[in-house]
Amino acid sequence: ENFNNQNCLPEYNYCVLNNLYQVNMKNNVNSANSIKFIKDGYSLEFQPVSSGYTTDILSSAQNSNAGISSNTALFINSFNNMDIRYLYLPRMFKEEIIINSNQNIPALALNPLQEDLKIKFKINLNNLNIQTSQGQWNQIETITTSDSIEFNSNGNPIFYLIKPVAYDSNNKYTDLQYELSNSNNSLFLTIKVPYSFLINESTVYPVTIDPTLSLDSNYIRFDG
């Protein structure tokens, strides 16, 4: 299915309305609830918020408009030196956060092993629950996991956010972490990328961060 601008939800500019799940997307990536997923009457919303490091904030999400081509949406420079590319597929919505070069990776004073690049999204669960390998998240405490996340309703799985990874242009991979947090009654999901991977001399840019949303728990990663 391809993105189009016909019969989308109010305030949304592009959508895919057929298939097993539906997506509505705003033209501006940093708009409130900029991407809305719907399946079986349940909905889930994401909005990119900010990117930064453990000890050094980089930037808030930029005013970046969508470039649409078939089933792909590209937001150039959504964060400082980072693009976001979305790919609609029948059973997964592939998200790629692309760090184009290492030129804006800061030289941080702390031990690199203590640093992470943190890319934060605001999420609206709309009565869904989040299940991790640690159990159901209480939506209060901050928790971190390197495994996949299940979005469910009364134990019925609706979406899975697959175990996150980053890979460079030579297909060198590193595992990432998800952090779930609550701030002033707003829920956030943060992707944590090891700073040591980003500054490693063997890492070849661009680097792609891949937190794919899937309908299946037994997802096989697809690159390309």
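Which residue does a disulfide join to Cys 8? The partner is Cys 15, with an S to S distance of 2.2 Å. A disulfide here is a pair of cysteine sulfur atoms within 2.5 Å. Such a link is a covalent bond between the sulfur atoms of two cysteines.

This is a predicted model, where local features need pLDDT of at least 70, side-chain atom pairs count only at pLDDT 80 or more, and totals for chains, interfaces and linings use all residues. Residues are numbered from 1 along each chain as its sequence is written, and side-chain values use heavy atoms, leaving out hydrogens and water.

Stay with the sulfur link for a moment. The structure holds one disulfide. The angle about the S-S bond between Cys 8 and Cys 15 is -80°, and the link is left-handed. Both cysteines, Cys 8 and Cys 15, are buried. Buried means under 20% relative accessible area, with exposed over 50% and partly exposed in between (1.4 Å probe, protein chains only).

Now turn to the rings. The structure holds 10 aromatic pairs. One of them is Phe 37 with Phe 46, which is edge-to-face, 6.0 Å centre to centre and 80° between the planes. Rings of Phe, Tyr and Trp (its six-membered ring) pair if their centres lie within 6.5 Å; planes under 30 degrees apart count as stacked, over 60 as edge-to-face and the rest as tilted. Phe 37 and Phe 46 are both buried. Ring pairs also link these two into a cluster, whose members include Tyr 21, Phe 75 and Tyr 86.

Lastly, look for a charge over a ring. The charged end of Lys 26 sits over the ring of Tyr 12, 5.3 Å from its centre. The test is NZ of Lys or CZ of Arg within 6 Å of the ring centre and within 35 degrees of the ring normal.
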